[in-house]
Amino acid sequence: MVKQTDIAIVGGGIVGSVLALALSRQTSLNITLIDASPVSQEPADPGFDARVIALSRKTVDALNALGLNSEQVLAEPIKTIQVTDQGAAGSCHLHADDFRLDAFGQVVALSRLGTHVQQQLGTTDVTHLAPASVKQAVQHHEYVSLTLDNDEQCHAKLVVLADGGRSGLCESLNIARRSEAYEQTAIICNVTTSEPHRNWAYERFTPNGPLAFLPFNSDTSQASHSFSVVWTVTPDVAEALLHCDDAAFITRLQQAFGYRQGSITSVGTRHHYPLALEQAEQITAHRVAVTGNAAQTLHPIAGQGFNLGLRDVLGLVKAIGQADDAGAFACLREYKQLREADRKQTIWLTDTLVRTFSNWHRPLVAGRNLGLIALDNTPVLQQTFVNRTTGYGPATTGF
């Protein structure tokens with residue numbers, strides 16, 4: 001028997017699950033979520049080694065509007081941002097109060113947020129197929145036929161790819177993807193410091209690459225002293241950092257970060273992944289839409305990847321509206337138009353920051369330090385920067 005659905009979402013990660021939740025609560029369409037991982041609504045206990053993500057102000061507002069209360073997932077607000085360049089005078093300090101904000105965004109353990117979303121999905125009529133994956137997708141005039149790994153068939157008026165782009169479905173549905181390696185590796189870990197974080201976040205540019213410290217609630221006795229670290233380094237440096245003991249790693253990290261939070265007192269498990277700019281050449285095809293990391297995978301330098309994916313969700317929900325046929329050309333055209341400027345600007349900003357602050361030629365170092373000084377002393381530049389990074393720039397005003 002062939003299952004019929006209005007929208008089939010392929011990928012049950014945060015972006016796909018939030019999209020399913022939003023569509024179920026804001027439209028009357030039949031939604032099917034195809035998730036390669038088993039479903040779990042048990043309370044998450046990620047511990048100190050939780051993978052952490054930073055949510056922009058717009059993302060927090062959008063999640064709250066869907067009933068995903070950030071307080072329930074122990075989100076930690078970012079109230080101050082400090083940007084510095086190691087070995088140079090340029091720096092910038094941004095305080096949320098100066099922009100009449102209670103916070104620039106919030107930091108949350110991904111597993112806690114994921115569990116919260118799954119619990120909310122359990123209260124909807126979304127059909128959740130899990131564990132299940134799509135092994136074949138074929139476009140027809142009025143629907144897309146999906147063949148699952150158990151050979152069941154599903155016909156959807158619209159297929160949304162939210163699977164991160166690694167399944168090969170983009171290519172089979174005539175959506176080309178391109179990738180450009182940065183020749184950098186991100187090392188991710190959580191640390192504690194001798195001084196409390198006070199809701200400060202740090203972005204520090206080092207000769208090896210950008211280094212970010214994000215305050216987060218580790219739900220431990222050291223919660224107010226906990227930071228999530230994203231350290232971008234060259235592959236050879238990463239190899240050394242991943243194989244040294246904790247004491248040696250802390251020493252190297254302390255040298256790069258300095259003592260603005262006192263001493264680094266402990267470090268959790270280290271993880272790593274290679275960095276590249278990956279993007280779909282188009283985000284729509286016949287009865288197909290692409291969202292999240294399947295549409296674009298960004299460098300973590302400005303923490304924009306997940307937030308850009310959530311804005312994909314907002315744009316797609318707006319484009320579908322109350323349409324009876326979510327895969328109609330008019331809906332997909334509006335989605336493409338809503339997302340074009342924001343995608344281009346955010347990808348450009350992230351890529352430019354990587355190339356500017358990973359380059360140590362003297363003239364460029366001097367220029368970017370002047371830029372940081374100008375940003376620190378020019379309210380108009382600060383407001384533009386804050387609007388962009390909180391998700392409320394001009395390109396996102398349509399939704």
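**View 1. Arg270 and Asp246 in the predicted model.** Arg270 is buried, having a relative accessible area of 16%, in a structure that is a predicted model. The side chain of Arg270 meets that of Asp246 in a salt bridge of 2.7 Å, N to O. This pair links distant parts of the chain, 24 residues apart: Asp246 belongs to helix α6 (residues 246–257), and Arg270 to the loop between β16 (264–267) and β17 (271–280). Asp246 counts as partly exposed, at 39% relative accessibility.

**View 2. The salt bridge of Asp102 with Arg57.** The closest N and O atoms of Asp102 and Arg57 are 2.6 Å apart. The two residues lie in distant parts of the chain, 45 residues apart, with Asp102 in the loop between β6 (91–95) and β7 (105–109) and Arg57 in helix α2 (residues 57–65). Asp102 is exposed, with a relative accessible area of 54%, whereas Arg57 is partly exposed at 22% relative accessibility.

**View 3. Asp351 and Arg355 in helix α8 (residues 329–357).** A salt bridge joins Asp351 and Arg355, with 3.1 Å between the closest N and O atoms. Because they are 4 residues apart in this helix, Asp351 and Arg355 are separated by about one helical turn. Asp351 is buried at 17% relative accessibility, while Arg355 is partly exposed at 39%.

**View 4. Arg311 and its partners.** Arg311 is located in helix α7 (residues 305–320) and is buried, at 1% relative accessibility. A network of salt bridges links Arg311, Asp312, Arg339, Asp342 and Arg388. The side chain of Arg311 is also joined to that of Thr346 by a polar contact of 3.3 Å. Across the whole structure, 14 salt bridges are found.

Conventions. Residues numbered from 1 in each chain as written. Predicted model: local features only at pLDDT ≥ 70, side-chain atom pairs only at ≥ 80, totals over all residues. Heavy atoms only, no water. Buried < 20%, exposed > 50% of the residue type's maximum accessible area, 1.4 Å probe, protein only. Polar contact = N/O pair within 3.5 Å; in protein donor to acceptor, adjacent residues only side chain to side chain. Salt bridge = Lys/Arg side-chain N within 4 Å of Asp/Glu carboxyl O.
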